[in-house]
Each structure stands twice: as structure tokens, then as C-alpha cells.
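My plan is to go from the whole to the parts and write down what I look up.

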Amino acid sequence: MHEVARAAAGDAGGVYADIDPIVVDLGCRMVRDPPQVLYHPQVLDLIDFGEPVAVLAGLVFGFVGDAAAPARILRRISENLVTGSYLVMSRIGPDPAPPGRLRQQRALELCAQAEMPVTVRSRDQIAGLLPAACDLVAAGVVPVTAWHPDPEDADDLPQWAVLAAVAYTR
Ligand SMILES: C[S@@+](CC[C@H](N)C(=O)[O-])C[C@H]1O[C@@H](n2cnc3c(N)ncnc32)[C@H](O)[C@@H]1O
């Protein structure tokens, strides 16, 4: 992520947050308690929230079930973003093809056994989670493979199992 950001803007800062301390230094429950990460001194050292930022929630919100109010969590994140910021989310979507659905079912069972249950959400449900202050960028909620594919990949079958949404903060 930081390599892509720095290719676009050489002085871009980045912070990785994950609940699993093995994954990143700043292991914390970001997705449940956004201010715990957003106002962390190490984060404030690196990120100026007075400028547009991008929050990338890559395959994380599937671990946030309805009981944890994911829409409210996303709204709390967006409240800290100035106009021109982006909120990017990828999510597990229902795989429409029977072989894919079977593989997905097995993967979901493994996650549940590991006490990391995943909630699968449809495109409309994912769009419905986005804060009112954010506009969904074209092409909407789409399979990740359909998000500006390279021309040589344009004919590949869409991978419905992972959906992506990019929203722009007004
Ligand atoms: C499929 S991986 C995605 C990793 C990375 N975000 C990416 O896009 O490549 C899902 C990650 O979400 C993390 N996770 C699960 N629940 C979380 C939570 N409540 N807050 C932060 N991270 C969480 C897991 O530890 C795991 O590393």
C-alpha cells in the first residue's frame, strides 16, 4: 500500500492496523473502535487528518457482524476525514457459481471454527454500509477484478467472491 501511495506522492505516510499483533506493530481493534487507531500518537505523527487521506479496509469488515454495527463504525471513521478523502472497502460477496459457492462455504466454516466468523454481504448491503457523507465512486460495488481491469484482463470472468467499493468524502 505505502509503495503505491509513495509512487503517487513521494511524501505520503501510511499506517497499517490489524487486530492481530503478529501482522502489524500497531495491533488493535481498529474496526471496533476507530478513535483508538485514528488518535493513536504514532498515527497522528504520520497522518495529517487535516489533509485528504485514504482509508483502505481490505477484507476486514467481513469480520464485523451486524451486532457490532459496521455502518456506525464506518460513519465514525468518515467523520474524521476531510473532503476529498477516500474510503475503500473490499468484502466477501456471495459467490453465484456453485463450485465457487462450495469453496466459499468451506472457507467460511474454517473461519467460524477459528472463532473469526465472516458475514457475507450482497452488493446492495455493502453500498448500504457506506456513510451518508460519502459518494460511491463509479463503477459502484463491483467484483475486485472488475475495478479498472488491465486491458489484457478485461475478458476474465468476474470474481464475485470479493467485492470492492470506493467512496469519496464530500
Ligand atoms: C483477509 S485478511 C486482510 C488483510 C489486509 N487488510 C489486506 O487487505 O490484505 C483479514 C484481516 O483482518 C484482521 N481483522 C479481523 N478482525 C479485525 C478487527 N476487528 N480489527 C482489525 N483487524 C481485524 C485479521 O486479523 C486479518 O489479518
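**Entry 1: the model.** I note at the outset that this is a predicted model.

**Entry 2: the elements.** I looked up the secondary structure. The chain has six helices and five strands. I then read their order from the N terminus: α-α-α-β-α-β-α-α-β-β-β.

**Entry 3: overall dimensions.** I looked up the box around the C-alpha atoms. Along the principal axes, they fill roughly 50 × 40 × 30 Å. Next I checked the radius of gyration, which is 17 Å for the chain. A compact globule of 170 residues would come out near 15 Å, so the two values agree.

**Entry 4: burial and contacts.** How many of the 170 residues count as buried? I find 23% of them. I also looked at contacts between residues at least 6 apart in sequence. Of these, 65% join residues at least 24 apart.

**Entry 5: strand E5.** I turned to strand E5, which spans residues 162-169. Is E5 mostly covered or mostly open? Mostly covered: six of its eight residues are buried.

**Entry 6: the partners of E5.** Which strands pair with E5? I took them one by one.

- Strand E2, residues 86-92, runs antiparallel to E5, and seven bridges join the two. In this pairing I found Ser90 opposite Ala164 of E5.
- Strand E3, residues 134-136, is also antiparallel to E5, over three bridges. Here Leu136 stands opposite Ala167 in E5.
- Strand E4, residues 142-143, pairs with E5 in the antiparallel sense too, with two bridges. Pro143 has Leu163 of E5 as its bridge partner.

**Entry 7: Ala5.** I went back towards the start of the chain. Ala5 sits in helix H1, residues 2-8.

**Entry 8: what Ala5 touches.** I set aside the neighbours within four places in sequence. Ala5 is then in contact with Ala12 and Gly14. I also looked up the distance from Ala5 to Ala54. They are 49 residues apart in sequence, and their C-alpha atoms are 9.5 Å apart in space.

Note on methods
Residues are numbered from 1 along each chain as its sequence is written. This is a predicted model: local features need pLDDT of at least 70, side-chain atom pairs count only at pLDDT 80 or more; totals for chains, interfaces and linings use all residues. Helices (H or I, at least four residues) and strands (E, at least two) are DSSP runs, numbered from the N terminus. The radius of gyration is taken over C-alpha atoms; the globule rule is 2.2 Å times the number of residues to the power 0.38. A residue is buried if 20 or more other C-beta atoms lie within 10 Å of its own, exposed if 12 or fewer, and partly exposed in between; C-beta atoms are placed from the backbone. Two residues are in contact if their C-beta atoms, placed from the backbone, lie within 7 Å. Two strands pair if DSSP finds at least two bridges between them.
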